[in-house]
Amino acid sequence: MSKFVFPRITFWRSLATVLITAGVIAAILRFTLGLGATTNLSDEFPWGLWIGFDFLGIGLAAAGFTIVAAVHLFHAHDYEPIVRPALLTAFIGYSLVVLVLVIDLGRPDHFWHPLVMWNPHSVMFEITWCVILYTTVLSIEFAPIVLEKFNMHRPIKWIHNCSLPFMILGVLLSTLHQSSFGSLYLCVPNRLHPLWYSPLLPVLFFVSCIASGISMVILETLILSRNGRTLLPPALRANLAKITAVALAVYLVIRFQDLLGRGGARYLGQLTYHSIAFYFEIVVGFVVPLVLLLSPRLRNSRRGLFTACVMVLAGFAANRMNTAITGLESYPVRTYFPSLIEILIMLGIAAIGFSAFSLISGYLPIFEPEPEKPQITDEPWIQNTPPAGA
Amino acid sequence: MAQMKALLIDISMCIGCNACQDGCKAANHLPPGEEKRLSPTAFTALEEHDGKWARRLCQHCEEPTCVSVCPVGAFTKTAAGPVLYDAEKCIGCRYCMQACPFRVPRYEWKSTRPRVQKCIFCSERLAKGLQTACAEACPTGATKFGDREELLLEASKRITAEPGKYVPKIFGQEDVGGTSVFYISPVPFEQMGFDNRLGKTPMPVLTMSAMSKIPNVVTVGSVMLGGVWWITNRRDEVAKHEGSQKPGPAHKNQDHQ
């Protein structure tokens, strides 16, 4: 056991400490005083910032399933170095979303009810189950990393042997609930502004989560490194950027075809509260990054790629917040702006996320190469483990 | 089958006396006192629009959106018409409030154990064979309680008898698939604060069009993903096998390890 070393105080660590402390205090207030006293939620606006944050967290965690599918199902082994960072991102993202959901619930003590009280007609029910099951699958996918740390190789072999169905299940569950977040709004055609309402909401949510999830991973490969070397060679990073570009292009085609087809486009002519929000989301998050990513020079430059991916994430965040908040406002009669406590809780949870990533990636072998598959080697590792009966 | 009950609200006959709200509050043991809007303590409220009153309350839809969206099934549509709510099940996700086409459900925001509150169509009184408290309290007959089909007939009779007095529409007959509360009005419904974008399709149908694709996504998706895995895995194995046959690449593999 190594001696306890007091962690060095850095700007980011101090900021995270402040945000987490403030978030915890805000959360205590929320639970003791109730939603009405601490949030700006109301009968007119029963869903606010926290729901938007859930959409965001789940979307950023989408890399978990896309990269696992690419590497383990489609055998694109070149991308193996980013599997673990993507899994960690997904695992943290989902855990935090569950945490926010519980804080958001009016009756957090009833959070377990969907497990036993079923309503299969409800999108919310489907999402709850998908998120629970997918978080379980993520734990199974993540377990080998933890077991490796403790040199427990036998369970790793068991998990490897039965991992295929779980990986397929993970991809399916992700597809379902990523799109279902869009389906939540299918039943409010009279409320959600036509610039965002569409029968294709589930499809649009799914396509955009692919772009955002991969952008998140690209950013991670740009920021993080493995033993001083970048996680992915620039050529492979540029390939990921191409996939993002394709997702963005597909998204734009579907979105605009749908807007033109159903007459939503008539709101684009004038500058209103809603159309400005729409233009921000589409230009910053989809059009400009698409143009940037189509240029091979920018795709291969760190700065170009970084800019484009940050824009994708900003536009993605804007899209989810617009769907969850702006599109339901009727400016200036009925608007919503989150309270300080809502914002503090959200920032605190975001800070927990970043801190958790940094802590866990320092402790567990996240950036080390995955050990060779057991069946490929001559199984020398088996000698390291105690006999089964011991 | 139990006869579906309903309310017919004739906006031209309402004098804004608020007796309906008083009666409702008494019957539901809510704190007395006039309220101008729906609230956790006012299951019905009179909204004034230019000297006329639109009485707001849960419409008790034929295909209620709240029943379909609730993840734990806290809402139920009963055979006699009322849409009921069970606070013991409710987790407080507030999707019902977000989804209700009439923006009816209200939340006890001030409580730390909040419930959703809305009109329950006096279901206990109905079970005893009584009419709803609001209909009983109404002094002018602006709210009339009765069997759904009979009230629809009566509404169209009133409109045809005095075509100049009413706009030719029974609100609630077909809107969002039909409700249990009907309105007839002397002025266009938009002027009384009614949403004219609702349409005749029940909102749950819109959701089901997406939800019904789930079984296909699961079956087709798992077969496809399994297939892709098999093909790419096979490709890897073949490459490995071919590599081991030729001396050159085999050396390369060893160097790799």
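Predicted model: local features only at pLDDT ≥ 70, side-chain atom pairs only at ≥ 80, totals over all residues.

## Where the domains of chain A meet

Where they touch, domain 1 of chain A supplies 24 residues and domain 2 of chain A supplies 26 residues. On the domain 1 side of chain A, the elements giving two or more residues are α3 (49–60), α4 (63–73), α5 (83–104) and α9 (163–183).

Which element gives the largest share of that side? It is α9(A), with 7 residues. Sorted by class, the side of domain 1 of chain A that touches domain 2 of chain A holds 13 nonpolar, 10 polar and 1 charged residues.

## A three-stranded sheet in chain B

Turn now to chain B, where 3 strands form an open sheet in the order β8-β1-β9, with mixed pairing. Its edge strands are β8 (143–147) and β9 (181–184) of chain B, each of which pairs on one side only. From one strand to the next, the twist averages 25 degrees.

## A closer look at β9 of chain B

Strand β1 of chain B, residues 5–10, runs parallel to β9(B), and 4 bridges join the pair. Within this pairing, Ile9(B) has Tyr183(B) as its bridge partner in β9(B).

Are the faces of β9(B) covered or uncovered? Both are covered: Val181(B) and Tyr183(B) are buried on one side, and Phe182(B) and Ile184(B) are buried on the other.

Notes:
Residues numbered from 1 in each chain as written. Chains lettered and ligands numbered in written order. Pairing = 2+ DSSP bridges. Axes fitted to C-alpha atoms, helices over the stretch in contact; angles between N-to-C directions. Buried ≥ 20, exposed ≤ 12 C-beta atoms within 10 Å, placed from the backbone. Contact = placed C-beta atoms within 7 Å. Nonpolar A, V, L, I, M, F, W, Y, C, P; charged D, E, K, R; others polar.
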